[in-house]
Amino acid sequence: METDSGLYPEDYKLYCFNGKVKAILVCLNRENVLNKNEELILEWYDLKWKVLDIGAKPNKQLAMKPTCLEKMVEYAEKLSKPFPFVRVDFYDRHEPILGEMTFTPMYGMAKYYSESGNKLLGSWLVLPDHKMKRKYKKED
């Protein structure tokens, strides 16, 4: 998939906690990463397109707010409702194009979060209060 100008589109990754979008990660510069060994640019925003201090590197504020952000949020919240956490990825082609749903971004080993970013993301996670049932009898 490519943009009208023939480049790779920005990748909008909506971080959803208990059915609500809390943060948006935008991946920029994919074309140059692949062709010129440049660095991928990662930028963090809230729903009002204000910078969030989550990333390990400062946000350069290069990402443009997607034209269909409201629809992305609507769809992400519908898709994420049954889960404590899921990242829902979209591309903006004048309408949201679903990329994928990811339950463990970077296998939980990502280094692109700051320490305060990790704490903020963790504070948004509320796990269900289910008691585990024992499957086996306790042996004496």
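## A loop residue with positive phi

Trp49 lies in the loop between β3 (41–45) and α2. Helices (H or I, at least four residues) and strands (E, at least two) are DSSP runs, numbered from the N terminus. The phi of Trp49 is near 65 degrees, a positive value in a residue that is not glycine. Trp49 has a relative accessible area of 15% and is buried; buried means under 20% relative accessible area, exposed over 50%, and partly exposed in between (1.4 Å probe, protein chains only).

## Basis of the description

The model is predicted: local features need pLDDT of at least 70, side-chain atom pairs count only at pLDDT 80 or more, and totals for chains, interfaces and linings use all residues. Residues are numbered from 1 along each chain as its sequence is written, and side-chain values use heavy atoms, with hydrogens and water left out.

His94 is placed in the loop between β4 (85–92) and β5 (96–102). With a relative accessible area of 62%, His94 is exposed, whereas Trp49 is buried.

## Salt bridges and their network

Side chains of opposite charge can pair when their charged atoms come close. A salt bridge is a side-chain nitrogen of Lys or Arg within 4 Å of a carboxyl oxygen of Asp or Glu. A search of the whole structure finds 6 salt bridges.

One of them joins Asp11 and Lys13, with the closest N and O atoms 2.9 Å apart. Both Asp11 and Lys13 are buried. Another joins Asp89 and Arg87, where the closest N and O atoms are 2.7 Å apart. Asp89 and Arg87 are both buried. These two pairs belong to a network of salt bridges that links Asp11, Lys13, Arg87, Asp89 and Glu100.

## A salt bridge within a helix

Lys78 and Glu74 also form a salt bridge through their side chains, at 3.4 Å from N to O. Both residues belong to helix α2 (residues 69–80). Because Lys78 and Glu74 are 4 residues apart in this helix, about one helical turn separates them.

The two side chains fall into separate accessibility classes. Lys78 has a relative accessible area of 59% and is exposed, while Glu74, at 39% relative accessibility, is partly exposed.
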